[in-house]
Amino acid sequence: MVVDPRPPATVRVPDLCVVPALSEAVARWPPDEVTLVVEVLSPGTRRTDRVTKFAEYAEAGIANYWLVDLETPVSVSACTLIGEHYELVAEASRPTRIQLADTSVLIGPAALVAPRG
């Protein structure tokens, strides 16, 4: 859960949140401690994730915001905060390396919906 204490206080529960390793379990993080937020688009959340959360996370200062679209072809859109706004740094439906902080991350969007077993 990401908590922005500035008025009005905002609480968001992203689908995935990457934060620094902590010595104890924490359920809430201030935005300045969040490295990455990932939202998975669905028919009921598509507009909120692309517009509302996009603006809120940028205003809160979260460095990276990724959107996963499960519609065919499955894709990932990676945005990085530049100044006060997110800029698209990668959009991929095939395996792609995306720079996240000081780490290169290999993303394979199709693997997100591949059958397991």
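1. Helices (H or I, at least four residues) and strands (E, at least two) are DSSP runs, numbered from the N terminus. The model is predicted: local features need pLDDT of at least 70, side-chain atom pairs count only at pLDDT 80 or more, and totals for chains, interfaces and linings use all residues. Residues are numbered from 1 along each chain as its sequence is written, and side-chain values use heavy atoms, with hydrogens and water left out.

2. Overall make-up. The protein has nine strands and one helix. From the N terminus, the order is β-β-β-β-α-β-β-β-β-β. Of the 117 residues, 33% are buried. Buried means under 20% relative accessible area, exposed over 50%, and partly exposed in between (1.4 Å probe, protein chains only).

3. The sheet. Five strands form an open sheet in the order S3-S4-S5-S6-S7, with mixed pairing. Two strands pair if DSSP finds at least two bridges between them. S3 and strand S7 (85-92) are the edges; each has a single partner strand, so one side of each lacks a neighbour in the sheet. On average, neighbouring strands are turned by 20° against each other, direction ignored. The axes here are lines fitted to C-alpha atoms, for helices over the stretch in contact, and angles run from 0 to 180 degrees between N-to-C directions.

4. Pairing, strand by strand. S3 and S4 run antiparallel and are joined by three bridges. Cys17 has Val37 of S4 as its bridge partner. S4 and S5 are parallel, with five bridges. S5 and S6 are antiparallel, with six bridges. There, Asn64 is partnered by Thr80 in S6.

5. Strand S4. How many of its six residues are buried? Five are, so S4 is largely enclosed by the rest of the structure.

6. Asp69. This residue lies in strand S5, and Leu41 stands opposite Asp69. Is Asp69 buried or exposed? Asp69 counts as buried, at 13% relative accessibility. Asp69 and Glu39 are 30 residues apart in sequence; their C-alpha atoms are 8.8 Å apart in space.

7. Nonpolar cores. A core here is a set of buried Ala, Val, Leu, Ile, Met, Phe, Trp, Tyr and Cys residues joined through side-chain atoms within 4.5 Å. The largest has 12 residues, among them Trp29, Val37, Leu41, Tyr57, Ile62, Cys79 and Tyr86. Strand S4 (36-41), helix H1 (46-60), strand S5 (64-69) and strand S6 (75-82) each give two or more residues to this core. A second, separate core has 10 residues, including Leu36, Val68, Ala90 and Leu100.

8. The largest pocket. Its volume is about 260 Å³. A pocket is an open set of points, on a 1 Å grid over the protein atoms alone, where a 1.4 Å probe fits, with protein on both sides within 12 Å along at least five of seven lines; lining residues have an atom within 4 Å of a point. Grid points are joined across faces, edges and corners, and the volume is the space filled by probe spheres set on the points.

9. The lining. Of the 16 lining residues, Leu16, Val38, Val68, Ile107 and Leu112 are the closest to the pocket centre. Strand S3 (16-18), S4, S5 and strand S9 (103-107) each supply at least two lining residues. S4 gives the largest share, three residues. By class, the lining has 14 nonpolar, one polar and one charged residues. Ala, Val, Leu, Ile, Met, Phe, Trp, Tyr, Cys and Pro count as nonpolar; Asp, Glu, Lys and Arg as charged; the others, Gly among them, as polar.
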